[in-house]
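Take a look at the structure first.

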Amino acid sequence: MKAVKVWEFPVRVIHWTNFLAIVGLCVTGAYIHWPYLATSLALDAWTMNTARFVHLICGWTLMLGVVGRFAWALIGNEYASLKSFFPFLTVKGRSDLVGVAKYYSFMSKRLPPNLGHNALAAIAYLVMFILMAFQVVTGFAMWAQYDPSGTAFKLFGWVFDIASNSYVRLAHYFTMFVFFAFFINHIYAMWIADIAEKDGTAGSMFSGYKYGEE
Amino acid sequence: MTKEKESTIATALEEYLEGRGVSRRSFLTFCSSMAATLALPASFADKAAAAIAEDNRPPIIWLEFQDCAGDTESFLRASRPTAAELVLDYLSVDYHETIMAAAGHQAEAARQKTLDEWAGKYIVIVEGSIPTAQGGIHCTIAGHTAMDILQKVGGGAAAVIAVGTCATSGGIAAAHPNPTGAVGVKELLPNKPVINLPGCPMNVVNLTATIVHYLTFGTLPTTDKLGRPLFAYGKRIHDNCERRAHFDQGQYVEAWGDAGHRQGWCLYKMGCKGPATFHNCPTVKWNDGQSWPVQAGHGCVGCSEPGFWDTMGPFYDRLPNVPGFDITDATATKVGLGLTAAAAAGFAVHGVAKTMTLRSGDDEE
């Protein structure tokens with residue numbers, strides 16, 4: 001096995017900015033949903049204001065991350081490409097999918113050889129990017145409500161034609177838990193690949209290199 | 001406006017007010033408050049005064065369908081009493097089932113007379129939802145269904161004003177499962193100019209302001225996509241709320257009557273729907289500007305949002321429950337934490353199994 005450059009620099013940077021943004025969004029978003037900090041009587045506490053400000057900044061960061069990653073999918077290497085997110089569209093991808101499913105259900109001992117995302121992971125990331133885009137759109141739509149005649153509302157206000165205000169809020173909040181579940185899955189799958197398959201997955205999101213046959 | 005015309009109007013206005021026992025001062029105060037409600041410059045007050053003094057009043061027909069007469073109550077308790085009543089009296093309400101003296105055939109004849117004599121010029125105000133199931137038989141007046149009456153009366157009107165949440169989006173009658181197939185006015189009169197003044201009930205200040213706007217400019221006020229005038233529904237309750245500073249500071253009422261509640265802190269955690277509701281309650285308030293729900297210590301329930309019975313509940317929770325779960329307290333937090341726990345448990349079990357296979361050496365190459 002040899003070291004192969006899999007994740008290019010922009011992919012790694014966007015991965016970590018997305019991670020930081022999502023952590024910030026979850027911490028502040030949970031507070032915005034249900035203010036859990038002790039009430040401060042200080043005149044300059046501005047606790048909710050600060051939470052909303054940080055949430056907004058992280059929201060912008062995530063938006064740039066999603067847009068940037070999409071752009072990189074068009075110009076980056078094969079492991080970052082748009083088609084790498086749609087394994088179910090190719091014959092090889094579908095057979096890899098079966099292989100990965102067998103591996104995770106202990107029916108086979110090896111993952112199908114693949115340096116990029118394995119087929120199942122690729123689908124998980126596709127869903128994650130759709131959910132991130134969903135959070136960005138619903139989040140900016142709710143934010144834009146402070147001025148229904150403003151530009152932001154013109155861009156995102158259509159959300160409320162699809163679902164009522166309360167249900168947009170519900171969906172935006174609930175999606176956070178899907179992120180939690182994904183996070184557990186993500187760490188676990190990384191651990192398996194790294195410990196059991198020894199392909200260098202864990203380090204690859206820092207170095208860019210994985211071990212395997214090109 | 002020329003000096004001469006100005007003085008003519010002033011004289012006519014004085015006579016007009018004098019004859020009705022209203023002081024010029026209280027009338028102009030009313031006009032100024034209308035200007036403020038409509039978010040127009042103070043100079044508008046003079047124009048409104050002039051328009052009201054000129055005798056070009058359109059007759060009004062007030063229709064009630066599936067309603068509780070709550071908007072009529074609101075209408076009869078118009079704030080700025082003498083001056084607003086004057087404007088509303090002045091409008092010549094030719095037909096209003098709750099307040100008219102006539103009854104039966106007389107009343108129907110009076111309405112028909114207005115329809116004939118003022119075709120295309122009168123204003124129709126509709127209160128209550130219109131049932132459409134089974135041909136609309138759930139609400140009939142003088143042998144005609146509400147649907148027919150609305151088509152006939154609304155069809156020939158210059159403009160239709162739907163007052164209250166029932167007339168604008170069906171209201172409580174249209175709440176799930178909507179047995180009568182109740183709908184709002186706009187759905188049955190898609191090609192008419194319909195102004196929606198939702199609210200449970202509508203705030204009479206907004207009705208008066210809409211009418212004053214019509215009298216002054218001859219046009220209806222600018223509306224949003226839902227047909228609601230921007231002057232009244234263009235901003236969120238949350239953004240004009242007097243408790244907003246407590247929201248920003250992170251100071252919330254945790255229980256009814258607690259220290260925060262007594263100090264007027266934010267009602268967000270008590271389920272206030274102000275952040276999701278567009279209405280001018282915080283600025284015009286109710287009962288002659290005396291108070292409004294949030295000032296009185298109760299969260300907004302979002303009564304002016306479309307379909308609020310189904311979409312804005314529960315009144316005392318931040319968010320609705322997750323649909324599709326057959327338990328009463330399926331909050332997003334509970335279902336979400338359940339999902340997270342299930343993921344954690346599932347991968348933990350898988351991890352134990354994986355470790356065992358690794359230990360057994362089966363996986364060695």
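## A helix pair in chain A

Is the crossing of helix 4 of chain A and helix 7 of chain A left-handed or right-handed? The crossing is left-handed. Note that the model is predicted.

Helix 4 spans residues 119–144 of chain A, and helix 7 spans residues 165–196 of chain A. They pack at an angle of about 150°. Their axes are 10 Å apart. An angle over 145 degrees counts as roughly antiparallel, so helix 4 and helix 7 of chain A are roughly antiparallel to each other.

## The contact between them

Helix 4 of chain A brings residues including A:Ala121, A:Met128, A:Leu131 and A:Phe134 to the contact.

Five strands of chain B form an open sheet. Their order is 2-1-3-7-9, and the pairing is parallel. Strand 2 (93–96) and strand 9 (194–197) of chain B stand at the edges. Each has a single partner strand, so one side of each is left without a neighbour in the sheet. The twist averages 15° from one strand to the next.

Strand 1 (residues 60–64) and strand 3 (residues 123–127) of chain B pair over five bridges. Here B:Glu64 stands opposite B:Glu127 of strand 3 of chain B.

## Helices on the sheet

Helix 6 (residues 104–117) of chain B packs on the sheet and touches strand 1 and strand 2 of chain B. Its direction makes about 135° with that of strand 2 of chain B.

Helix 7 (residues 146–155) of chain B lies across strand 1, strand 3 and strand 7 (159–163) of chain B. Helix 7 of chain B runs at about 165° to strand 1 of chain B.

How values were computed: Residues are numbered from 1 along each chain as its sequence is written. Chains are lettered from A and ligands numbered from 1 in the order in which they are written. This is a predicted model: local features need pLDDT of at least 70, side-chain atom pairs count only at pLDDT 80 or more; totals for chains, interfaces and linings use all residues. Axes are lines fitted to C-alpha atoms, for helices over the stretch in contact, and angles run from 0 to 180 degrees between N-to-C directions. Helices (H or I, at least four residues) and strands (E, at least two) are DSSP runs, numbered from the N terminus. Angles under 35 degrees count as roughly parallel, over 145 as roughly antiparallel, 65 to 115 as roughly perpendicular and the rest as oblique. A crossing is left-handed if the near helix is turned anticlockwise from the far one by less than a right angle, and right-handed if clockwise. Two residues are in contact if their C-beta atoms, placed from the backbone, lie within 7 Å. Two strands pair if DSSP finds at least two bridges between them.
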